[in-house]
Amino acid sequence: MSLAEAHVGNGFVISRLWTEKRYRSIFFQIIALALLIALIFFIVNNTIANLQALGVSYGFRFLAQPSNYDINQHLIAYDSTSTHGRAAIVGLLNTGLVAVCGIILATILGFTFGVLRLSNNWVMSRIVYVYIEATRNVPVLLQILLWHGTILNLPTAKNAIVFFSGTFFLSNRGLTVPGPLPEPGFQAVPIVFLIAVVGAIVFTRWAKRVQDETGRIYPVFLINTVAIIGLPVLTFLVTGTPLSWEIAEMGRFNLAGGVTLRPEFMALWLALSFYTAAFIAEVVRAGIQSVSEGQTEAAYSLGLRPGRTTRMIIVPQALRVIVPPLTSQYLNLTKNSSLAIAIGYMDITATLGGITLNQTGQAMEAVMLLMAVYLSFSLLTSLFMNWYNHHTKLVER
Amino acid sequence: MTDAPYQVGQHPDLPPPPSTTGVIGWMRNNLFSSWANALLTIASVLLIYGLATSLYKWGFANADFQGASRNDCTSGGACWALINVRFGQFIYGFYPESQRWRVNLTFIGFLVALWPLLFTGAPARKQLLWYAGVYPILAFVLLLGGFGIEKVETAKFGGFMLTLVIGVTGIAVSLPLGIMLALGRRSDMIFIRAICVGFIEFIRGVPLITLLFVASTLLSFFLPPGTSFDLLLRVLIMVTLFSSAYIAEVVRGGLQAIPVGQQEAANSLGLGYWKTMYLIILPQALKISIPGIVNSFIGLFKDTTLVAIIGLLDPLGIGRAALADTKWQGLAGEVYVFVAILFFIFSFSMSRYSLYLEKKLHVGHES
Amino acid sequence: MKKTIGILAAVTSATALSLGATAGTLDDVRAKGHIQCGVSTGVPGFGFTDDAGNWQGFDPSVCQAVAAAVFGDTSKVKYTPTTGKTRFEALKSGEIDMLARNTTWTFSRDVDLGLTFVGVNYYDGQGFIGRKSLGISSAKELDGASVCIQTGTTTELNLADFFRINGLSYEPVPIETNEEARTNYVADRCDVYTTDASGLAATRSTFDDPDAHVVYPEIISKEPLGPLVRQGDDQWADVVRWTLNVMINAEEYGVSSANVDDLKGGSDNPEINRMLGSEGNLNEMIGLDKDWAYNIIKQVGNYGEVFERFLGANTPIGLERGLNALYTDGGLLYAPPMR
């Protein structure tokens, strides 16, 4: 302030910078900018000085060097001669896998529990209530560890629980299911499936236009379902079922063949799904309760049948309330999957942020890359959210 | 009754049919309203019974509560002797045994400071609020020592006490920070808004564990060469930044709920930005946000378990260290269940409180 | 505005202060009155907390010995539990003064990471433990097995090399802590568990039926474990290095915590006299008290005593001296002379 008073005699009064509205915002923004630049400069400067003092090499070259370690679950080809970069991608795919599987299961469970919570069966509603409260109030890390411990207590591989006449094996080495072995001619099935999906989209648009113009309603949902599921199945049968199943057999140590869901994957998947499902259940409950009774009554009085009322009146309105918190739950699930490191599931935090970081010592680069990956997940989700909010915004006329 | 002809006039109310009232009626309505419902009820009762008995057998009937090592646990159930022997560590970490009264005192002081904040009906609220303002300094001195009290370094902090220290400090410091961020995000100044949005979205976009990696491995690189400070302090900084971003979003929700007319009215009275915020907008916005803030506190509280991954000894870390002792190996289940119960008690009571608040605030709005 | 300037001033002065404090680790340690020592979060025998919450074990003993040398008081150590991930960063950033956490001395760690290994306090090698019921006698028969490994170490690299060289397939099951790895192995999640042979013995000792498990003869790597310090502070490195050497030499010369008081006044062995300070001025060369070596031996013990206390035959871990015997007994321990 004293600085400003000293300049009062001059033509320009410095204090106008923060007392007058038109200058004030620019003035403060310049200060903020200056502080931010100073902070960044401070950090970068220190980092460089520290790295130089330690004689540590810096850069992302390590990503091209061989990793020298093995990863048990890799969706793409990988062995210990592959690079650290490839190891990171393997981890990224594993993160994606557990996130997608988790989101699917959590959604199914969450919607089921949310509906059951509103059920008029008192015992059921109470059980779900206890489940929701117990799950929501215990740290997810502990739940992952508990699930992992539970799975480890299953019978050993040699005494595996066998079901579906010797094709499925459940043990503490995981769940082994028959692996699909496509034979020549199988390619037709996914192609037909794609064609069916495209056809369904086109048909839906056409049916909507017809309805807008003439009021005629086609059973769009039924036809589309039949097309998308039926056509590939038909193709599969016509081409002579060109798919065989590889059933696992007990080898010397492990079950050989088939597809195995490892215990680490299962523990993480189940723990994240059940944890997130508790939150989703509350979201769903709030969503359903947010649609007032009058909406149903109004729909009935217009002569809509109960099924159509639910589909066309209740669900769209409930979804507007449900989807935004639901997406943020999906994002939470993806971020929580980074806790895989506690039980040894090889997600990106365990490969890039774990073994690679330890072996190369490039902590700075590895952690930054890791953050960038999660950040891009989050930004993609935000973009979707913004689009959805815009799309379903209440239009007041 | 049937014989008597109906007479116009007053009749005593007949009781409702016995099948719709009392226990039986309630059960008919809520448990056995249809065949499917009845089956569901029976199945779930059986399920609960099975779970409860096996848990009871493991946790109580066949459990051992006394003993000096795992070999003393012979009954086949849970071995709570580990928890029994190391209970002090689970609560206080490695805080010197002779000094643990200080932790207790801090905790009691914390409850007293919390009282006027949580319950508006507390007596002598004004004085207590003053006390709540001074409390952080008191707690700091009590826990760390100085001023004639024996000093205790933060490496000795651990157990549930560490959880509380991280959780409470995190939320208390992040609250003002979060409010500033929320205001910044709604500001007209484009650049300030950009900084705030960038910060909030960055923090919310990455998992806490990566931020803790930064605290444990990278933060010292960002400071002038040779500076190094306490790991706990670094973790506190990161946890505070983390939770401030979430608080900011909660507060922003509160701000958005305030009708724009309030702002316009304040402006037309000639109030400046800060006065408008301080006197008009924030009191209303914060009131709406309190349940959300409590919820993010619960979230933060649960997330503190992650510090075990970077080597701080929260209850989970203490448990893991105990399991490394050859005397106690193999008792992971007991440790996890115990820590889970510990967290559940705290989180659940807080979520109950948040519900109570929501109800109270709701009533306040309608009257 | 005034506040901002105040904060800036405070930051600047704090920076100046901290810059002034990097004279040398020994001086820093003396100034703050304790040694900050990085240890593991728990490896049976090598580092663990007892029921009273004190750090004990083979590795913390090295820190205690350094504290005895510098302060004459083993209690002037503060411990920082570190994980495989945080240990090197903690040392590099100056958070800890030394790291004693079964860490393998390798070229890249020594050269590239900016660290200095001061010696070897345990010669180890990676091995495998498996159930006898598997009916195999060699790790080379492990084709198709599931292998539990502790991550954050050189173990996973050795393992990958071993299986690749021998053309075997396997399923690695990476686990963060020793305890978790043990739990997984006991539950039969893995067929074998691999870690340093010392760790295998320690882990095996905790099984309900140790005789049902067998350690395979293949040792697939060299794992010299030792304490380390930051690169570039030779004086401090010397202090830690020679603390370790005093412990080893003391055993060789037959000086133990039991007889060190008698020998302190002087003996017929000039090596002992120089070490304990009755002859020469070794302490001045390294910049420590005259009784530095005496304090180490008196308060912590010689190498053999420490080994027997935490790892030896009378402990649940029950390790043989093996490679860690003195060179005079056919081992590898050979400390440079005290002159």
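1. A residue is called buried here if 20 or more other C-beta atoms lie within 10 Å of its own, exposed if 12 or fewer do, and partly exposed in between, with C-beta atoms placed from the backbone. By that criterion, 55% of the 339 residues of chain C count as buried.

2. This is a predicted model, in which local features need pLDDT of at least 70 and side-chain atom pairs count only at pLDDT 80 or more, while totals for chains, interfaces and linings use all residues. Residues are numbered from 1 along each chain as its sequence is written, and chains are lettered from A and ligands numbered from 1 in the order in which they are written.

3. On overall dimensions, the C-alpha trace of chain C spans about 75 × 65 × 40 Å along its principal axes. Its radius of gyration, taken over C-alpha atoms, is to be set against a globule rule of 2.2 Å times the number of residues to the power 0.38; for 339 residues a compact globule would have a value near 20 Å, and the 22 Å of chain C agrees with this.

4. Chain C has 14 helices and 14 strands, where helices (H or I, at least four residues) and strands (E, at least two) are DSSP runs numbered from the N terminus. Two residues are in contact if their C-beta atoms, placed from the backbone, lie within 7 Å; among contacts in chain C between residues at least 6 apart in sequence, 73% join residues at least 24 apart.

5. C:G84 is buried, because 22 other C-beta atoms lie within 10 Å, and its C-alpha atom is separated by 15 Å from that of C:T106, 22 residues apart along the chain.

6. The contact between chains A and B takes 44 residues from chain A and 45 residues from chain B. On the side of chain A, the elements giving two or more residues are α3 (21-54), α5 (122-136), α6 (140-152), α12 (348-360) and α13 (363-391), of which α3(A) gives the most, with 12 residues. That side divides into 29 nonpolar, 13 polar and 2 charged residues, with Ala, Val, Leu, Ile, Met, Phe, Trp, Tyr, Cys and Pro counted as nonpolar, Asp, Glu, Lys and Arg as charged, and the others, Gly among them, as polar.

7. Between chains B and C, 26 residues of chain B are in contact with 33 residues of chain C. On the side of chain B, α9 (208-218) and α13 (315-324) are the elements that give two or more residues, and α13(B) gives the most, with 4 residues. By class, this side has 11 nonpolar, 11 polar and 4 charged residues.
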